[in-house]
Amino acid sequence: MQDLAGRTAFVTGGANGIGLGLVRALLAEGCKVALADIRQDAIDAALATLDNQDVIGVQLDVASRDGFAAAADRVEADLGPVSLVFNNAGVNLFQTIDDSSYDDWDWVLGVNLHGVVNGVMTFIPRMKARGGGGHIVNTASMAAFLCGPQPGIYNTAKFAVRGMSESLRYSLAPHGIGVSVLCPGLVKSHIFASDEVRPDELKAGAKAVDPASVGRLEQIHQVGMEPDVIAARVIEAVRANRFYIFSHPEFRDELREVFDDILDAFRDYPEDSAFQQRLAFEKMRRDGYRAARQAARGDG
């Protein structure tokens, strides 16, 4: 996708961080942009910094399927058909899985995974029916590859977004719709204060917020990458129809180490009785997977 000008873009989590950086970058490309966020005050503050008539704000809880459909209807009525979707909204809970509650799972997965699912399921049928192509960028994280004890639920969601995005890329390629997954590292954003937007109905199992811990996280995020830098790298990747968008080059060596560990886990076991029959099936699968990757890149 070389020309973004004139297209309508929908950006979730658009009032700060990467989302707001994307909004600014898309406006500079000549797009009409819907800035969606759960906080109306943040939307208003963001819009006040954007002197552009082609942007509107939409209050949206991405975990709500009905809310997503209503937001899509409103945006397309005001700005025209959406063909660029940035499923970027996210929250974080900095604790381990074994120290979490069902309410914690429902909140974090509701935003970080189901929010992406809702964006895909809302807009993809419309984009396919219109036949005008487009592009979807799902924000995952380096946490889609790199795990520690925490944040466990966040890791779970981001791994799922990565897998969903790759599968979606192959199924949408014949329709001229590209799919990318953004995997940033530390970003200058407000995600450290995610508890501020946690729904009341999912607070029963929540641990008390530790202001000192939040303060430490805020200081850490101050050295995060500027959202406008990430947004520029996203736009470049969309133009090139690249799947993985690794905005933070400092992770290259660590990721290589992780994949080396994975490959080292394989063992040269003796062949079992069905080994040769399986090889024939796996060759078909492997060839199909290779062809799907080539087709999605446009070189197959």
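Predicted model: local features only at pLDDT ≥ 70, side-chain atom pairs only at ≥ 80, totals over all residues.
Figure 1. Once residues up to four places away in sequence are set aside, glutamate 76 touches Pro81, Val82, Phe123, Arg126 and Arg130. Arginine 130 is in turn in contact with Glu76, Pro81 and Val82, leaving aside its neighbours within four places in sequence. Although arginine 130 and proline 81 are 49 residues apart along the chain, their C-alpha atoms are separated by 8.6 Å.

**Figure 2. The packing of helix H5 with helix H6.** Helix H5 (residues 114-130) and helix H6 (residues 152-172) pack at an angle of about 10 degrees, and their axes are 12 Å apart. Because angles under 35 degrees count as roughly parallel, H5 and H6 are roughly parallel to each other. On the H5 side the contact is formed by Val116, Val117, Val120, Ile124 and Lys128, which meet Val161, Met164, Leu168 and Leu172 in H6. Sorted by class, the residues of this contact of H5 with H6 comprise eight nonpolar, no polar and one charged.

**Figure 3. Helix H4 and its contact with helix H5.** H4 and H5 pack at an angle of about 35 degrees, with their axes 3 Å apart. Leu109, Gly110, Val111 and Asn112 of H4 make this contact together with His114, Gly115 and Val116 of H5. The contact of H4 with H5 has three nonpolar, four polar and no charged residues. H4 is mostly covered, since eight of its eleven residues are buried, and these buried residues are Asp103, Asp104, Trp107, Val108, Leu109, Gly110, Val111 and Asn112. The buried residues of H4 pack against both H5 and H6.

Figure 4. In soluble globular proteins, nonpolar side chains tend to be buried together. In this model the largest nonpolar core has 47 residues, and those with the most contacts inside it are Phe10, Val75, Phe123 and Ile136. Several helices and strands each supply at least two residues of this core, among them strand E2 (32-37), strand E3 (55-59), H3, strand E4 (82-87) and helix H4 (102-112), as well as H5, H6 and strand E6 (177-182). Leaving aside its neighbours within four places in sequence, phenylalanine 10 is in contact with Ala34, Ala36, Leu60, Phe68, Ala71, Val75, Val82, Leu84, Val85, Phe86 and Phe123. A second, separate core has 32 residues, including Ala15, Leu20, Leu182 and Ala231.

Figure 5. Asparagine 92 lies in the loop between E4 and H4, and the residue is buried, with a relative accessible area of 8%. Not counting residues up to four places away in sequence, asparagine 92 touches Trp107, Pro151, Tyr154, Ile191 and Ser194. The peptide bond from glutamine 150 to proline 151 is cis, with omega near 5 degrees.

Figure 6. A search of the whole structure finds zero disulfides. Cysteine 183 is in no disulfide, and the nearest cysteine sulfur, that of cysteine 147, is 13 Å away, whereas a disulfide would need a pair of cysteine sulfur atoms within 2.5 Å. Cysteine 183 counts as buried, at 0% relative accessibility. Cysteine 31 is likewise buried, with a relative accessible area of 1%.

**Figure 7. Asparagine 241, a residue with positive phi.** Asparagine 241 lies in the loop between helix H8 (227-240) and strand E7 (244-245). Phi of asparagine 241 is near 55 degrees, which is a positive value in a residue other than glycine. Because buried means under 20% relative accessible area, asparagine 241 counts as buried at 19% relative accessibility.

Conventions
Residues numbered from 1 in each chain as written. Heavy atoms only, no water. Contact = heavy atoms within 4.5 Å. Axes fitted to C-alpha atoms, helices over the stretch in contact; angles between N-to-C directions. Helix = DSSP H or I, 4+ residues; strand = E, 2+ residues; numbered from the N terminus. Parallel < 35°, antiparallel > 145°, perpendicular 65-115°, else oblique. Nonpolar A, V, L, I, M, F, W, Y, C, P; charged D, E, K, R; others polar. Buried < 20%, exposed > 50% of the residue type's maximum accessible area, 1.4 Å probe, protein only. Core = buried A, V, L, I, M, F, W, Y, C linked by side-chain atoms within 4.5 Å.
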